[in-house]
Structures are given as C-alpha cells and as structure tokens.
Amino acid sequence: MKVLVATDKPFAKAAVDGIREIVEGAGHSLALLEKYTSPEELYAAAADADALIVRSDKVTKEVVECAKNLKIVVRAGAGYDNLDLEACTAKGVVAMNTPGQNSNAVAELALGMMVYISRNCFTPGTGSELKGKRVGIHAYGNVGKLVASLAKGFGMEVMIFDPFVKAHEITDPSIKIAATVEELYSSCQFVSLHIPANAQTKGSIGYELLSKMPKGGALVNTARKEVIDEAGLMKALTERSDLKYITDIAADNQAELSEKFGTRVFASPKKMGAETAEANINAGLASARQIVKFFATGDKTFQVNK
Ligand code: 3PG
C-alpha cells in the first residue's frame, strides 16, 4: 500500500524518519508532500495513495474523489474539522485522529500565552502574574486536563466547564466546576479555550461571554479561530479597555485587532500549538501505527466517521 504524508506544515525530520520506519517496516511504501502551495498538488500526490496522513491540511471532497485508492486518512492531531467526513464516508474511507498525542505541546503553549499577554507581549511596562489568578478551562479534554495541572503549578485556581464531563469524573477537589458557561467566564481572569470547531461551537464565543469576564480578563485561544464570533470580540475589546485576547490561530480580522488594540491582542504568525518535535513524533508515529494496524487487522480504533 502507498502511504502519503501530506503536510503543508512539515513534521520534524525525526517524525518523518519514524513514520518511514513504521510504514516501510510493515512492507508499505511512503511518499512525502510538504509545503505544497495549491490544492492541485495535493490532488495529484493523493491520486494513487491508499492512505493519507495530514495535519491541518484540508481533506476536501475533491481530495477524496481524486484519491481513487484511498482507504484511510489519519489526521495527526486532535481536531478533525479539516476532514470532510461526509465525503470520506460516502467513499468508504475510514477517517481517524490521534487524540492526546500533541496535547502537552498545546497545553504548554496555553500557559506560555497567559504569561506573554500578562507581561504586555514582552514590551516595557508593568505586567501581572498568574499566581493567585483563576483560569477557566473551557472543555476538559486531553489538553484542558494538562492546562489544569500546569496552571496549578503556577499557583492558579482552576475552574472548568464541560457539559460532556460529569461532576463525579473530576477527582481533584481543588478544581471548581462551573454550572454554566456564563459562570465560567464571569468567574475567571483567564479563560483557556479547548473546544472543537463544529456546528454547535462555531461563533459561540463572543460579546455576551467576553463582556462578563472580570476586570483584566484575558481569553486564550489555542483551539480554533472558527469558535470565535469576531465581531463580538471586536465589540468587547472596544468597550472594555482592560480585556485581552491571545490566540494561536489568527482571526480573519487580526490586522484590524492588532492595529486597534496593540499589546492587548496577539496572534501567532502560524499555528504553533503542536509545533514541537515531541508532538510531531507522538502524533506522526501514532498515525503511521494506526494505518499499519488498519491494513494488517482492520482495526478502526480512533475512527471519527462512524
Ligand atoms: C490539533 O488539532 O491537533 C492541533 O490544532 C494541531 O494542528 P497542526 O497539526 O496543524 O499543528
């Protein structure tokens, strides 16, 4: 079988080497398409691929239709909003992610972003500390749990909101549970977003929630830009000169935000949450193993288009 690694944002070399070892070791072949500049390049490279490993690369209906032999696509990472699941299902292609494999990298970045925005994006002037502040973790999945643990190391209080997690599943008595999303935003100086981008969450974080944040509140977004209502964010930042926004995924109106709000907003130049060698290796090798196992045994653990 031919496995194509198609990554606009290339994996670290050690990850590619590891993927090659796993794929070729199981008797398959590996092809690499990195830093491509048009979807057509992906269509052409995927044309004879049996399996595809991607990062945030868009696996559209066109990709699935061009890849006539495709049987499995693995998103090396957590969020799979870049995969057209309907198109995969229609063509009998199994779609998977690799949950948890890059979570630590994202969680560390979330804390780093809290420090950065609290120190005025490292410009001169008096900043503030994380110690003693409360962080609200919006969605308590793999990344949210790690953020909670790191935040406690900084001496922060932790509150969570996640409608999919039952209270009895939270075994740490120091973690407060918000009954509503409004309670989370109104009780926390920092809110760290860890929700996926889907039909329910897109545009769900806007003026109503942000304007509830306490004085000096900061929203930290290492999740997806699509969950933000950008007009609402603009309105909240305009009305409240104390509010801050830091994101790993630039908003569509980022240039305007940066111009208007200076060091109260910051966006990474390119999403870097999972840009560590460790995360690349964990997620890349997990993808390769999942593909090899799927071809060997039909194993569909981590399938997301059931
Ligand atoms: C994820 O969903 O796993 C992260 O957003 C990582 O995305 P990336 O692989 O494009 O860095």
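Predicted model: local features only at pLDDT ≥ 70, side-chain atom pairs only at ≥ 80, totals over all residues.
Before you start, residues are numbered from 1 along each chain as its sequence is written. Local features need pLDDT of at least 70, side-chain atom pairs count only at pLDDT 80 or more, totals for chains, interfaces and linings use all residues, and side-chain values use heavy atoms, with hydrogens and water left out.

**Stop 1: the domains.** Colour residues 2-101 + 275-297 as domain 1 and 103-267 as domain 2; these bounds come from an automatic or database domain assignment. Their centres, taken over C-alpha atoms, are 31 Å apart. Eight residues from domain 1 and five residues from domain 2 make the contact (heavy atoms within 4.5 Å).

**Stop 2: the interface.** Which residues bridge the domains? Select Arg224 and Asp81: they form a salt bridge, with the closest N and O atoms 3.1 Å apart (a side-chain nitrogen of Lys or Arg within 4 Å of a carboxyl oxygen of Asp or Glu). The rule finds one salt bridge across this interface.

**Stop 3: the ligand.** Now show the residues around the ligand, among them Lys9, Ser56, Arg75 and Arg224 (each has a heavy atom within 4 Å of the ligand). Zoom in on Ser56, where a polar side-chain atom lies 2.5 Å from a ligand oxygen. For Lys9, a polar side-chain atom is 2.8 Å from an oxygen atom of the ligand. In the side chain of Arg75, an N or O atom lies 3.1 Å from a ligand oxygen. The protein covers 94% of the 320 Å² of accessible area that the ligand has on its own (Shrake-Rupley method, 1.4 Å probe).

Conventions
Polar contact = N/O pair within 3.5 Å; in protein donor to acceptor, adjacent residues only side chain to side chain.
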